[in-house]
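Open your viewer and keep the selection tool at hand. We will go from stop to stop, picking residues and strands as we go.

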Amino acid sequence: MFLSILLFVLLLLLPCTASAQEASNPVWPRDWPDPTVWLGEDGRYHCIATNPTRSIVSDDLFHWEMSDVAPIDIASWGKMQAVAQRYWAPDVAMVNGKRNLYLTLYNSAEDSNIGVLQEFAPGQFQFVGIITSSLDTGIHDTIDPEVVTDPKTGKVWLFFGSVGGIHRVELNKDGLSLKEGAKYEHVAGLTVEQCPDRSKVFEGSYLHKHGKYWYLFVSSGFFGNHTYKLQVGRAKKLTDVFLDREGRPMKEGFATTVLYSDEGDQFYGPGHCGEIFKAKDGKEYIFYHCHIQGSRRPNSRPLFIDCIQWDKDGWPYVEGGKPSEKLKGE
């Protein structure tokens, strides 16, 4: 009897294993806006966010810890500080066998830039240079980069933008510079002058291939309140016109909502998604940031994930359409 009681007590005192824990949002409670996630050669998931001075790592997408690796070296910070003072919305992408980090270097809507860094050691990147600047193009808010390689053509594309509209432009094969003669094309969203309430102003591009379509995920609304939401459109080719579920063009401000919130919700303003990964449970999960009502840091946007599913017509959705608290990923 005594041994049974002792065993019971010891079991209570043992920490829960990852498989026994029920994962819940936020999966990383600190401020972590505009996340990007990649699977490293070490078999672990790595994530950085706006102002990427630190990185976090995970074995399963649901449980994260701080890494001791600084994603950007000191010399690179010095070079970037010579261009701008604010660093937003990183995107890590594998291009031509190398892992590149694309980053917003921001001073103002009129003076904003997309910079590129390249990995020189696992999870560590060095500054290469500026790919595009609003000072050269006149495209306000040259921010929120997303780089994708078309497996059919081998072409590398940069999607970027916000209040000046989301644009697409071709890069060289290494993803480190613009292709000679490349043209900028408007692909989604109205300008803030056309839509002051930002309900049709898109930002935070993310491209995902599923089935025969490319899906362009975007965020709209004001990022600081409940109007911010995650939306999507799709096209069969990266160079086609992206359409919403009703067949309306994204470049005219139309998109299909994936995640939203109402005023007063505990979790509000979900958006600026990161990548989609398949977890050990076989389900797909999408990363994004979200506010928490009543937080001690009201402007904080912790890291969230949610299970993303695909309906019979091939459109992505999250069950209930709002951020989940409990996750069933284990």
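**Stop 1: two cysteines.** Select Cys-273 and show its sulfur. The closest cysteine sulfur belongs to Cys-47 and is 12 Å away, too far for a bond. A disulfide needs the two sulfur atoms within 2.5 Å. Keep in mind that this is a predicted model. Cys-47 is in no disulfide, and its nearest cysteine sulfur is that of Cys-273.

Are these two cysteines buried or exposed? Cys-47 is buried, with a relative accessible area of 0%. Cys-273 has 4% relative accessibility, so it counts as buried too.

**Stop 2: the nonpolar cores.** Select Phe-62, Trp-64, Phe-287 and Leu-303. They have the most contacts inside the largest nonpolar core, which has 20 residues. Next, colour three strands: β2 (45-48), β19 (284-292) and β20 (303-307). Each of them supplies at least two residues of this core. Which strand gives the largest share? That is β20, with 3 residues.

Now pick Leu-259, Cys-273, Tyr-288 and Trp-315. You have moved to a second, separate core of 19 residues, which includes these four.

**Stop 3: aromatic rings.** Show the rings across the whole structure. A search finds 15 aromatic pairs. Zoom in on one of them, Trp-77 and Tyr-87. Their ring centres are 5.2 Å apart. Their planes stand at 80 degrees, so the pair is edge-to-face. The cut-off for that label is over 60 degrees.

Where do the two residues sit? Trp-77 lies in helix α2 (residues 74-81), and Tyr-87 lies in strand β5 (residues 86-95). The pair therefore ties together parts that are 10 residues apart in sequence. Both Trp-77 and Tyr-87 are buried.

Next, select Tyr-213, Tyr-215, Trp-310 and Trp-315. These residues form one aromatic cluster. Trp-315 is also included in the second core. The charged end of Arg-234 sits over the ring of Tyr-213, 3.8 Å from its centre.

**Stop 4: a sheet of 4 strands.** Select β9, β10, β11 and β12. They form an open sheet in that order, with antiparallel pairing. Which strands stand at the edges? Look at β9 (146-149) and β12 (185-188). Each has a single partner strand, so one side of each is left without a neighbour in the sheet. Neighbouring strands are turned by 30 degrees against each other on average, direction ignored.

Start with β9 and β10. They pair in the antiparallel sense over 4 bridges. Find Thr-149, which stands opposite Val-156 in β10. The two strands form a hairpin with 6 residues between them. Gly-154, in the turn, has a positive phi of about 80 degrees.

Step on to the next pair. Strand β10 (residues 156-162) and strand β11 (residues 165-171) pair over 7 bridges, again in the antiparallel sense. Here Gly-161 stands opposite Ile-166 in β11.

The charged end of Arg-168 sits over the ring of Trp-157, 5.5 Å from its centre.

Key:
Residues numbered from 1 in each chain as written. Predicted model: local features only at pLDDT ≥ 70, side-chain atom pairs only at ≥ 80, totals over all residues. Heavy atoms only, no water. Pairing = 2+ DSSP bridges. Axes fitted to C-alpha atoms, helices over the stretch in contact; angles between N-to-C directions. Phe/Tyr/Trp six-rings, centres within 6.5 Å; stacked < 30°, edge-to-face > 60°. Buried < 20%, exposed > 50% of the residue type's maximum accessible area, 1.4 Å probe, protein only. Lys NZ or Arg CZ within 6 Å of the ring centre and 35° of its normal. Core = buried A, V, L, I, M, F, W, Y, C linked by side-chain atoms within 4.5 Å.
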